[in-house]
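Here are some notes to read alongside the structure, for someone meeting it for the first time. Take the points in order and keep the view open as you go.

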Amino acid sequence: MDFINAIVLLLNYIFVPALSYGSQLALGAIFVSLIYGILRFAYFSAGDLMSFGTMFTILFTWYFQSIGISLGVLPTALLAIPFAVIISILFTLGMDKVVFSYYRIKKSPPVMLAMVSIGVMFVTQAIVRIIIGPFDRRFFDGERFILKANEFKEMTGLNEGLSIKSTQALTLFVTIVVVSILFWFLNKTKTGKSMRAYSDNEDLALLSGIDPKKVVMITWVIAAVLATIGGALYGLDKSFKPFTYFNNMLPIFAAAIVGGIGNPFGAFLGGYVIAFSEILLTYAYRKFFVYILPESMEPNSLIQLLSTDYKFAVSFSILVIVLLFRPSGIFKGKVI
Amino acid sequence: MKQHKDVIVAYAIMLGLIILVGVLQSWSIALSILCFCLISAVMTMGANIQWGYAGLINFGIMGYTALGGLAAVLVSVPPVKEAWQVGGLSMILCVFVIVAIVFSIRFILKKFKKTKKRNYGIAAVIITGLILLRLISGPAIESIEAVSPATTGFLGGMGLPILFSWIVGAFFAGALAYVIGKIALGLRADYLAIATLLISEIVIAVIKHEDWLARGVKNVIGLKRPVPYEIDLQTKEWFINLVEKFHRGTLNLITDTLEKQQLLKQLVIESSTVFVKLCFAGLFIAVVTILLIITQKALYSPWGRMMRAIRDNEEAANAMGKNVVKQHLLIFVLGSAIVGIAGAMMVTYDGLFTPGSYRPMRYTFLIWVMVIVGGSGNNFGAILGGFAVWFLWIEAAPIALFLINFFTSGLEETNTFRVHLVNSIPYFRYLMMGIGLLLIMRYRSRGILPEKIKHI
């Protein structure tokens, strides 16, 4: 019995949160990786693009709430996401037209484009803060839990409860749907294949008649879709704050590089690698050992490898280690 | 003279703007803007050495700034004797353990061939080392942090004059840069950018959460100053006389003695803050001048030419027998050390160390905007960028307010849209920075004062 309790404990505090956090990171990492693969630069305003999309999700949610539309047990934000996605797409395409296309046509070095993306980052941050402010906002409504800890305890008769928030389940479900569609698109459709060809070898792709404008446009559309959905899910699960989203850029980049930058599937897995290692290394295992060890060997310290303050440091350390020993990432991205 | 015309004109405009602030707002504000402009200028010089001379991207400026600030605390704060008694020995032991770990890893790397076994050996050394560190430092840290936690709760520093910290800060930052450079300089440009950005976040995390070192987010306040304090000045005879002499015209207009005394008192209080800031500005100008002379000399020396050659064509420089890796490491350390000086200067000026305030937007990306706007590769350009961008960063709020009032003058005072805009004025600075950077990169991609290469 104790053993099952210990497993449930780990499920509740490590597996479920890491899975949903990992999915949110993965969505971000995939689009960073795609932009790196096809447009060939590090898109530093990734976190801010996510907060831009989330901001419009919130605005539409408020609007729907004010006119009395809701989805019952599901959060109203789900209804708002498609509208927010459209605005994000317009925003990324507009930014590309006004800012990035000039440097692309001039064939500027990637560093130049990365610097430009910092300018875009400043502008995006300003827009978000001017429209919605820098404050913490929650926009979740509907049923909070799918499975409450108490109900689980009653059901199974265990000491430890397992709770699953509806946002966590929703995150996982939406991520699976979105990512499957994306990989189907990249692997099976003609446009998707042409994107991969363009990413692998630009000159060869151009020679075989692939339209670069279309490839670039679709990349930005995918980026906007993924950023908005990922950002909205993160905001539903935790809360929306522009500064947190900006900071999320760092684990997202870590995930993209760990997975092998330019390789979307690697980035997808990289998100989970980062999320799991962050939570595994900063969780205090005392209770777990209390369950599985005999009473005489019970630990009296927290048995925590790293304090939770260093949560960010974990993902960065993994990144540094990967960069040093396997610069192409765990799942073989572009060799750099 | 003619070829320096644009430099002179640009600096004259900048000086004029600061004087304008002095006349319109107050001299105290103008001088604090000047001081921060000078600090920013030192930071941009550091970044410019790395980016402009050698083409290395360093997004870890925040980390080096914070290390410089840490140096200011460790140098100037008097040691906390009690804390040293309860935990000093263990902490020193920890330093030895770290040194032992590093040397044993080096030993393993040198003595054994590259095999899986060697990797496991290194991992084993690191893990046992970490456990040992945890066991030794754990109780020591707890007892150190328990020593009157409201005021100290840390080991304290050396109790030396704070000016030393400007040099110590440079050494701290340089040492970190050496380690990072050894690890990360082989990476391609944008990977290096991301790696340094992340490492600087780790540095901040450590400073924030290791309370025994510099009190973490509890901040260290009341650092000693290299210049006199306002309160002391206000009672000094010579200073009052100086103020009297300076304002004789206005004072002579008043006939009533009591009123005259009161006015003089007020003038003394006002001038004391201005005087202190002038002293700081003098010190900072000295630092900027010295650094400028050194960097200019370096830029036009054979070494500077070699750096440009490496920047523009690494392979060719390598073929000519220049050690690219070594030179990159050298310049990475030098640039970071200069940023470390700036970090120490800033904490000295503020008189407090607040690890929580180090954010990448302000300390990394803003500095990069300065370098790019000013003109990378040109020291005068980089300094000008520091001045111009910092000036805009501070004065963005008044400018934004003016623009908002101008464009919404048709709307009523209580209009929700207008009120919302006025409330979000602080964020217009981001907008200005972003648009400024984008415009400069598009239409003057080499900066306001572009790099000039003398052809012989």
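1. A word on terms first: helices (H or I, at least four residues) and strands (E, at least two) are DSSP runs, numbered from the N terminus. This is a predicted model, in which local features need pLDDT of at least 70, side-chain atom pairs count only at pLDDT 80 or more, and totals for chains, interfaces and linings use all residues. Residues are numbered from 1 along each chain as its sequence is written, chains are lettered from A and ligands numbered from 1 in the order in which they are written, and side-chain values use heavy atoms, with hydrogens and water left out.

2. With those terms in hand, look at B:Trp212, which sits in helix α8 (residues 211-214) of chain B. B:Trp212 has a relative accessible area of 18%, so it counts as buried (under 20% relative accessible area; exposed is over 50%, partly exposed in between, with a 1.4 Å probe and protein chains only).

3. What does B:Trp212 touch, leaving aside residues up to four places away in sequence? Its contacts (heavy atoms within 4.5 Å) include B:Met91, B:Ile141, B:Glu145 and B:Phe154. The side chain of B:Trp212 also makes a polar contact of 2.9 Å with that of B:Glu210. A polar contact is a pair of N or O atoms within 3.5 Å; within protein, one must be able to donate a hydrogen and the other to accept it, and residues adjacent in sequence count only if both atoms are side-chain atoms.

4. Next, please find B:Ser336 in helix α15 (residues 324-350) of chain B. Its relative accessible area is 0%, so B:Ser336 is buried. The side chain of B:Ser336 reaches the backbone oxygen of B:Phe332 at 2.7 Å, and a polar contact of 3.0 Å links it to the side chain of B:Gln50. B:Gln50 is also among the residues that B:Ser336 touches, along with B:Asn58, B:Tyr64, B:Ala173 and B:Ala177, when residues up to four places away in sequence are not counted.

5. Finally, step back to chain A, which has 13 helices and two strands. Its C-alpha atoms fill a box of roughly 70 × 55 × 35 Å along the principal axes. Of the 336 residues in chain A, 57% are buried. Among its contacts between residues at least 6 apart in sequence, 73% join residues at least 24 apart.
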